[in-house]
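Please read the following briefing alongside the sequence and the 3D structure. It is grouped by topic.

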Amino acid sequence: MQLLGSTTSPFVRRIRIWATLNNLPIDFINLDIFSEQDRQTMIAHNPARKIPVLIDHYFTLCDSNSIIRYLLEKADQPLLSWQQENYLTIINACNDSLVEILLCQRSGFDTNSDKLFFNLQNERIVETLAYLNTHLSEPVFKSCEYLNISLYCLLDWIRFRELTDFSQLENLVDFYHKFSDKAAVQQTDPRI
């Protein structure tokens with residue numbers, strides 16, 4: 001199996017960490033999705049022009065949610081429950097808004113200006129982080145390895161990109177520090 005992605009993508013990193021923790025060999029192909037050659041590689045496998053992309057022989061999946069479902073089935077592990085899927089949707093919503101903010105900043109927009117799009121993204125980020133702060137200790141959340149990985153990747157990406165401050169959300173800060181000493185986390189650190 002091959003995983004196409006970038007070392008800085010939190011969605012790619014989730015899959016890499018999960019595969020490492022579950023001893024599932026995946027050949028990671030690091031792409032610079034903004035270079036012409038690597039962008040063409042990505043587009044050839046995903047017309048939506050997004051990463052990650054998993055290729056297993058002649059079968060291709062183009063979204064981290066679909067990829068983890070496929071890998072869980074392949075590893076004969078239980079799929080996420082509906083409640084866990086809902087938590088993952090909330091993590092993804094926050095991550096998506098942060099990606100939109102970063103892309104807008106890189107395009108020269110002032111993302112702090114009083115514009116509907118920026119206001120909605122910033123509101124979603126604040127509210128989802130607060131929600132996750134109060135729910136991450138619930139057994140259905142704590143018991144799901146992939147949710148924990150996804151939350152960690154979100155939080156570390158926030159720190160890496162310096163997009164928002166979650167230092168006042170004590171449960172998230174505590175979770176972040178506890179999860180960060182795993183070898184798979186350190187091996188996939190986008191800073192190295």
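At 39% relative accessibility, Asp174 counts as partly exposed, a class that lies between buried (under 20% relative accessible area) and exposed (over 50%), with a 1.4 Å probe and protein chains only. This is a predicted model, in which local features need pLDDT of at least 70 and side-chain atom pairs count only at pLDDT 80 or more, while totals for chains, interfaces and linings use all residues. Residues are numbered from 1 along each chain as its sequence is written, and side-chain values use heavy atoms, with hydrogens and water left out.

**Salt bridges**

- A search of the whole structure finds six salt bridges, each defined as a side-chain nitrogen of Lys or Arg within 4 Å of a carboxyl oxygen of Asp or Glu.
- Asp174 forms one of them with Lys178, the closest N and O atoms being 3.0 Å apart; Lys178 is exposed, with a relative accessible area of 57%.
- Both Asp174 and Lys178 belong to helix H8 (residues 170-179), where they are four residues apart, about one turn of the helix; helices (H or I, at least four residues) and strands (E, at least two) are DSSP runs, numbered from the N terminus.
- Asp156 forms a salt bridge with Arg13, with 2.6 Å between the closest N and O atoms.
- Because Asp156 lies in helix H7 and Arg13 in helix H1, this pair ties together parts that are 143 residues apart in sequence.
- Asp156 is buried at a relative accessible area of 2%, and Arg13 is buried at 4%.
- A salt bridge also joins the side chains of Arg191 and Asp189 (2.8 Å, N to O), and a network of salt bridges links Arg13, Asp156, Asp189 and Arg191.

**Helix H3**

- The buried residues of helix H3 (residues 64-74) are Ser64, Ile67, Ile68, Leu71 and Leu72.
- These residues cover an arc of only 130° around the axis, which puts them on the same side of H3, the arc being that of the directions from the helix axis to the C-beta atoms.
- Just after H3, Asp76 has a positive phi of about 55°.

**Strand pairing**

- Strand E1 (2-5) runs parallel to strand E2 (residues 27-30), to which four bridges join E1; two strands pair if DSSP finds at least two bridges between them.
- Within this pairing, Gly5 stands opposite Asn30 in E2.
- E1 also pairs with E3 in the antiparallel sense, over three bridges, and here Gln2 stands opposite Ile55 in E3.

Methods: Contact means heavy atoms within 4.5 Å.
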